[in-house]
Amino acid sequence: MAAEEAAEASLARLSPERRQPGREDDDDEGNPDSSSETAALNGVVVSGKVKSNNLDVKVTGSELETEEKGTEEESTRESDSNILDVSSDYPREKHISIQRHLADLEKLADLKEDEKKPCPLCPEEKFKACYSHKLHRHLQNLHWKVSVEFEGYRMCICHLPCRPVKPNLVGDQTFSKMGAHYHCIICSATITRRTDMIGHINRHVNKGETESRFVTVPAPKSSHEVLKESATDVQVLPNYSTPQKTDSYFNPKMKLNRQLIFCALAVLAEERKPIECLDAFGATGIMGLQWAKHLRSSVKVTINDCNENSVTMIQENCHLNKMKVKLNTKEEDDEAMGDGEENTDTIEVTKMDANVIMHLRSFDFIHLDPFGTSVNYLDSAFRNVRNLGIVSLTSTDISSLYAKAQHVALRHYGCNIVRTEYYKELAARIVIAAVTRAAARCNKGIEVLLAVALEHFVLVVVRVLRGPSPADDSAKKVRYLIHCQWCEERIFQKEGNMVEENPYQQLPCDCQGSMPGKTAVVLGPLWSGALFNTGFLRRMLFEAVQYGLDEAQPLLKTLVCEAECTTLKHFSTHSPYDENKQEECGVYIKTPNTSAESYLVHGKRKSDEVIRNAAKRQKSENSAEHPAFYYNIHRHSIKGMNMPKLNKFLYYLSEAGYRVSRTHFDPMGVRTNAPLAQFKTILMKYSTPTYTGGQAEGPVHLAEDVQAGEQVEAAADGKAEDAEFLEDDKSGVATAMFAKDCPTHCAAD
């Protein structure tokens with residue numbers, strides 16, 4: 001066999017000291033132990049004896065590796081079966097079946113028109129030597145077209161005896177049938193099928209293994225990609241978008257989420273300085289780096305992650321952004337870390353479980369963004385958070401929150417839900433209810449500052465109010481919801497423990513009397529209070545304008561309209577830091593005009609007078625809360641009728657005396673305090689029939705059309721008055737924030 005001849009030629013050149021131990025006499029031919037030795041040629045098993053100078057010898061793969069590199073080019077075809085050992089780790093030349101271009105593969109064959117040349121990737125018994133034109137077609141059709149591409153290289157199919165398959169016994173001799181296979185450019189493994197080879201390469205990529213040990217060109221020092229977001233550079237692995245297969249998950253789609261959290265932290269930083277903030281799940285550290293880079297001395301940032309690879313990447317990203325790193329991975333030293341004076345550009349990086357660090361240390365701002373639900377970390381988050389501090393959490397388990405996996409929602413949140421038209425707001429209230437119960441267990445109440453539910457996440461930002469009284473007040477706002485499955489009407493159950501004889505009487509609709517069977521379900525427990533704090537949102541919008549966060553500004557404008565339950569026409573444009581806005585929703589806020597004596601030391605309980613004043617303010621502002629939930633205009637449209645434009649319909653509702661606004665939860669949703677019956681009545685009144693031809697309809701419809709046209713003109717006049725009002729406004733910041741027309745979610749249809 002060709003492989004045996006190559007092994008014999010290589011063995012003849014071996015030095016005496018590298019031969020098999022125990023073979024000292026080269027002339028001894030009577031050793032019976034060598035009669036059935038097997039030569040292992042770099043992973044290829046060759047059966048039979050290998051003789052050199054009338055001596056039976058066992059040849060190992062490592063002895064042939066060095067000799068293989070010195071073989072001449074003309075003997076390459078005969079010794080191509082001596083492939084590099086799979087188990088070795090040091091860099092070597094790539095296999096000849098791995099080439100960049102077809103021309104490189106043809107160079108191996110040394111094509112000449114007047115000479116017959118063998119195929120460099122096929123044994124002679126499979127493909128005999130032929131002329132150049134035939135060999136060119138053979139290389140192109142059989143090897144190149146079925147290759148696997150990776151980073152500019154083609155792993156062509158190889159027919160050389162590199163990969164042994166099931167041996168065949170013929171008489172007293174053993175023959176190994178060699179099959180077609182591919183050589184992996186990364187780990188030198190031999191794979192039979194092309195689809196298996198593609199999956200093998202994809203597994204390497206998912207693990208971050210993209211550097212080839214068999215490519216002659218020098219591999220790059222780092223396979224990390226550098227991404228930039230909000231003037232912050234972060235390096236990530238090539239598989240950063242697959243959270244289940246990487247240690248440093250980075251999702252570019254969560255940029256809006258990170259901007260909203262930054263605005264909330266910037267508002268808190270204006271109230272008191274410095275504040276200690278924690279990013280409990282750092283991953284790449286992008287969020288904590290943005291905090292430290294833009295807020296500077298106002299914050300002391302701690303980035304935590306329990307994965308060692310993520311902690312290493314966070315340190316590298318800190319150095320990439322010219323930030324100093326204070327590393328601490330010992331849990332027993334955590335309490336002493338926050339006492340010393342730190343550099344303003346220093347970021348503290350810790351490696352421990354998120355529950356552990358939140359139990360051991362106190363923070364003013366905590367953000368939780370685990371993979372999936374965050375309910376497992378709520379108890380530890382509220383254990384040591386300081387008074388008037390902020391806890392924000394991002395939940396990405398939208399399959400359960402959006403009622404696609406209702407059993408998971410019951411398991412995680414203890415909540416019964418069904419799919420409704422307002423399922424996104426339902427998800428936000430589910431999360432807030434879980435947060436409320438966790439805070440109440442620690443004798444703390446909450447004030448919801450912001451609740452956002454978009455396609456990929458649910459973001460909730462709450463302020464912590466220490467004390468049993470705020471805890472009791474917050475716990476009372478967790479109630480059940482009665483939902484009619486016929487007309488989508490809904491209402492929160494009345495407070496109290498008394499069992500009602502007929503709970504259907506609480507619903508405004510009469511579906512129970514007109515429809516057979518049970519028409520309503522009980523959902524919850526849910527948060528029944530407000531989802532937004534108008535003053536806090538205005539200051540978040542101010543910070544978004546100050547730092548140039550363009551993606552967050554349209555959403556924040558929509559949220560301010562939604563919190564006030566008003567359209568742009570009634571949008572007030574006062575500065576968010578006016579003196580009359582120093583106190584909002586029961587929370588004492590420090591503004592630049594506040595005297596130094598009125599500052600509250602974080603971690604201290606408020607005085608009795610402040611608590612009494614806060615309770616009075618809360619009672620007076622409860623009546624101004626935005627209505628709960630919203631209606632989808634398409635869900636309640638009338639068949640055969642063309643409903644009015646959404647902005648016109650909002651105007652009609654407001655003219656009827658109801659509070660109305662659009663909502664970020666649903667682009668076609670309307671938040672209003674109008675009952676569903678009145679909502680449908682107004683919608684039907686201003687809907688026009690679908691015309692099948694040019695015939696005119698009855699006089700009733702014509703009168704309604706004329707009336708609708710007059711109201712549209714009135715709406716246009718109102719918009720003109722708003723434009724003049726905005727031109728007269730010279731407040732600067734207010735004009736920059738609100739001079740534009742309706743936000744992205746409130747754009748005119």
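Trainee: What share of the contacts in the chain with a separation of 6 or more comes from residues 24 or more positions apart?
Mentor: In this predicted model, such residues account for 65% of those contacts. A contact here means heavy atoms within 4.5 Å.

Trainee: How many helices and strands are there in the chain?
Mentor: The chain has 23 helices and 29 strands.

Trainee: What percentage of the 749 residues counts as buried?
Mentor: The figure is 47%. To be counted, a residue must have under 20% relative accessible area. The accessible surface of the chain comes to about 36600 Å², and carbon and sulfur atoms hold 49% of that surface.

Trainee: How are two packed helices described?
Mentor: By the angle between their axes and the distance between the axes. For helix α20 (residues 646–655) and helix α21 (residues 676–685), the angle is about 120° and the axes are 10 Å apart.

Trainee: Which residues make the contact?
Mentor: Helix α20 supplies Phe649, Tyr652 and Leu653, while α21 supplies Phe679, Ile682 and Leu683.

Trainee: What makes up the contact of α20 with α21 by class?
Mentor: There are 6 nonpolar residues, with no polar and no charged ones. Tyr counts as nonpolar in this scheme, as do Phe, Leu and Ile.

Trainee: What makes phi of Glu151 worth a remark?
Mentor: Phi is near 55°, a positive value, and Glu151 is a residue other than glycine. Glu151 sits in the loop between β4 (148–150) and β5 (153–155).

Trainee: Why is Glu151 called exposed?
Mentor: The relative accessible area of Glu151 is 51%. Exposed means over 50%, so Glu151 is exposed.

Trainee: What is omega of the peptide bond from Lys273 to Pro274?
Mentor: Omega is near -15°, and the bond is cis. Pro274 lies in the loop between α6 (255–271) and β12 (275–279).

Trainee: Where is Pro525 found?
Mentor: Pro525 is in strand β22 (residues 520–527). The peptide bond from Gly524 to Pro525 is cis, with omega near 10°.

Key
Residues numbered from 1 in each chain as written. Predicted model: local features only at pLDDT ≥ 70, side-chain atom pairs only at ≥ 80, totals over all residues. Heavy atoms only, no water. Axes fitted to C-alpha atoms, helices over the stretch in contact; angles between N-to-C directions. Helix = DSSP H or I, 4+ residues; strand = E, 2+ residues; numbered from the N terminus. Buried < 20%, exposed > 50% of the residue type's maximum accessible area, 1.4 Å probe, protein only. Areas by Shrake-Rupley, 256 points an atom, 1.4 Å probe, with all protein chains shown as cover.
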